[in-house]
Amino acid sequence: MKLFRAIIFILTVVLSTFVGKTVKAATYFSFQQTTQKTDTTKKGKNNDIDIKKIQYAASDSTVTEKKTGIVYLHGNAKVMSDGFELNADYIRYDSKKGIVFARGITNKNGRYIGRPIFKMGQEGSGNADSLYYYTELQTATIYGIYTAQQGGFFSGGQAKSQPDNEAHIKGQIFSTCNIPNHPHYGIYITKGIITERQIITGPAYLKIEDIPMPLGIPFGFFPKPNRKSSGFILPTPNQDATKGFSLNGGGYYMAFNDHVDGRLITNVFTNGSYDLTFSSNYIKRYKYNGGVNLSYSSLRNGLEGTPAYKPRTAFNISWTHTQAANARPGTNFSASVNAGTSNYYKETAALGSYDIDAIAQNTLNSSISYSKIFGDGLFNFAGAFTGSQETLNKGIFVELPRISLSMLTINPFDSKKRVAEQKWYQKITVGYNMEASNSIRTTEDLLFDKGGLKRFSNGVRHSIPINMAFNVLDYFNFNASLPYTERWYFQTIRQRRFQEDNSIAIDTVSGFRRAAEYSIGMGMSTKIYGNKQFKNLGSLKAIRHVITPTFNFSYKPDFSAEKYGYYKKSYYYVNDIRPGYSTTPIDPRPIKDANGRDLKYSIFEGSQFGGPSIGEQANIGFSVDNNVELKVKSKTDTTGGGEKKIPIIQGLSFSGNYNFLAPEKKLSPIGFNGRSQFTEKLGVNFSGSLSPYVVGMIDNPSYGDGPVTQSLGETNRYVFADGKLPRLTNFNFSFDFSLNPEAFKKRNENLDKLNNQVNNNGRTPEQLQQLEALSRDPNAFVDFTIPWNLTFSYAFGYSNLLSTKETRQVNNTLNFSGDFSLTQKWKVQFTSGWDFQAKNISYTRFTIYRDLHCWDFNASWTPFGMYQSYSITIKVKEAILQDLKLSKRKDFYTRY
């Protein structure tokens, strides 16, 4: 019974493949000449038909019978006549009757070799066991044909062309398996007629390993147009333990024109659930291409009459658009949209694909962008509509739009006709950058609520960097800067504090306000080189250390001063919601902080680009970058004098700053970061920060007449005063290790190849699916040429701001994956890891691949965890019959 259902399923898929898929203009074979070229002609003895001149040659021998007019060609024989080309090991040409016969030969080992290879007109070439070609009618009778068409192969049987541009076939097999005459599987066509636009067949049935299956179709009619055509897509029967039996993938394909198509697909379940999807691909060669997908689902679970049976809706919108690189130089438009209800992927199991990566994703991102370079390359304009959704908490961030305008730095005081060296003022450079944003951060239920548009915040920021660079004594690089920033806002805030619970009420005040900010700075950098040669340390020849110190000084006024109006003093108000009762402070004196200073807040707090900083600043910044490398004797150099460099430390940097005018904690934390690539297989990255202050009891801010409290925190006392080094408050470390780096190289090459594999109609849906799969999961690519691979990735994070056990936090993750080939046809892959917090094995998956020549066997197993599942699939490799597959799966989504 299972075999019977499988055969019905395969034949149904085959029908849907031919009827529903796009068929590009391609003729199976055509024997009608469209042009005639006559070099010379001669009259036949029995008729007046012009016989075309035949050109022929052979590498072995050419024998001509003068009496019969028959020419025998042996060994790599060739015949050509007005668009007809023929190659075979044996050709017989009857010049009087105008008949060409070709066949192969049997060698001493009993193998049939040298089969005829023919080409007619503009069509592709084909192979045959033997053939007859009639020069007068320019038709042929072919035996044991083998030709490739649209990702599939026709082989075996007989074919006879007709003068009306038709071909009659008998006993041929269509398959995506490229083994001639005896493919692993195929559709056996007993007889049929092939025209320019259609294929009409008699009885046809499925063959597997030359064994006829017991079920077939009595006749078939398959469109074969020269352009895209519309048609129905037959559904596939399936079942789901949660939703019941179903018909999946049924619908209608719409070929609007050669540039745009559409596909309407439905999934219908017996429990009342259904999915409706419309997808469309569009392309204009050398201009752009893209695709749109609109999905809507009505979902039911559980038994009728239970709360779970109440229908829930979910939808998703996706759109991709890519502009060709040379379509409009200097201008680009692109889109990548993935938006909808947060429960869509989980509730629909990624629309029945059960893709773990899609189901488990926590963020949906969307972006539509446009950019243009103008003014002879001086200006660059960019605009974007962006958005992101968090599927767990249903949070939404939307930016409609974000635009920027930037200008390249110029030398306004320099002259284009200058021939001498630049004067000091001619080295001054000026640039310009403008950013504008209109955004909102909310939740799904509030976004389209009444007054939702009023929640948008917006602003504009202008930046004008002014710089001048010069050298001193050829060793020191100096740079002077005067950056100016101005922000424009259309909303500001006002704060009201309430003494009862020290809570804060924020009022939004409409109206245009500008905020200017500027500073002045000077910087210096140089390089210090250290080099040590070794003579008696084995293969170690030298060590090289490069130090790059950088110092800078900057000054910025106190923009919280009352004259600027950017900051307001904080007061206590009566916590009374009656109109007019909370607008007057209960005490005209401003609130004081723990140091006795007036407590202030910025009226631009929470705005798009922030506001000017508080407090006067006079900073000295410093950083030191280190690079260390070894020079060792090369073991691969056979001459004995070769050397190679090994980087030990790459970019180990320490940085910080000191503010002379800060009332306390003048020295900032000292940050450090670095990386080291010890070998091609191992590279590490690390970063962290050091605090120079002692931990102790500090006074908390006291408002009004409240009591002074203390808590543990960083004091204003330096650790150096106690003879100690700065405290480590943050540290991050990670590394990637591959025992076989060639595997990563192969995967990247495959990804690049697939990314560049664009046919006349752009990327096919199958190619896009492969690209998405490779982007999400590197193990999705199976390379049987690499016998094994094993990779590890580890990340460690440490945080302890107060150097106590209570404030210490440690996070570390370990992931590993690999694959190995049992044989040249078997590949096993695995992905797993260790969750240190849960003290358990993280998401684990095992996959087995088997190359079955024209088929693929794929078994995937997730043995434990919330995504516990398995699937087994046998499918055809070629995309033209991608739906020809058998699968068995048990997914985590199944509830009963």
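The structure holds 31 aromatic pairs. Such a pair joins rings of Phe, Tyr or Trp (its six-membered ring) whose centres lie within 6.5 Å; planes under 30 degrees apart count as stacked, over 60 as edge-to-face and the rest as tilted. This is a predicted model, in which local features need pLDDT of at least 70, side-chain atom pairs count only at pLDDT 80 or more, and totals for chains, interfaces and linings use all residues. Residues are numbered from 1 along each chain as its sequence is written, and side-chain values use heavy atoms, with hydrogens and water left out.

Start with Phe154 and Phe174. Their pair is tilted, at 5.0 Å centre to centre and 50° between the planes. Phe154 lies in strand E12 (residues 152-161) and Phe174 in strand E13 (residues 167-175), so the pair ties together parts 20 residues apart in sequence. Strands (E, at least two residues) are DSSP runs, numbered from the N terminus. Both Phe154 and Phe174 are buried. Buried means under 20% relative accessible area, exposed over 50%, and partly exposed in between (1.4 Å probe, protein chains only).

Next come Tyr489 and Phe604. Their ring centres are 5.4 Å apart with planes at 35°, so this pair is tilted. Tyr489 sits in strand E34 (residues 484-498), and Phe604 in the loop between strand E41 (600-602) and strand E42 (617-633), 115 residues apart. Tyr489 is buried at 0% relative accessible area; Phe604 is buried at 1%. Ring pairs link Tyr489, Tyr518, Phe559, Tyr564, Tyr566 and Phe604 into a cluster.

Now turn to charges. Side chains of opposite charge can pair when their charged atoms come close. The structure holds 16 salt bridges (a side-chain nitrogen of Lys or Arg within 4 Å of a carboxyl oxygen of Asp or Glu). One of them joins Asp507 and Arg496, at 2.9 Å from N to O. Asp507 lies in strand E35 (residues 503-518) and Arg496 in strand E34, so this bridge ties together parts 11 residues apart in sequence. Asp507 is partly exposed at 29% relative accessible area, whereas Arg496 counts as buried at 18%.

Strand E35 also holds Glu517, which pairs with Lys556 in strand E38 (residues 540-556), 39 residues apart. Lys556 counts as buried at 19% relative accessibility, and Glu517 counts as buried at 8%.

Lys665 forms a salt bridge with Glu714, with the closest N and O atoms 3.7 Å apart. Lys665 counts as partly exposed at 34% relative accessibility. Glu714 is partly exposed at 22%.

Key
Helix = DSSP H or I, 4+ residues; strand = E, 2+ residues; numbered from the N terminus.
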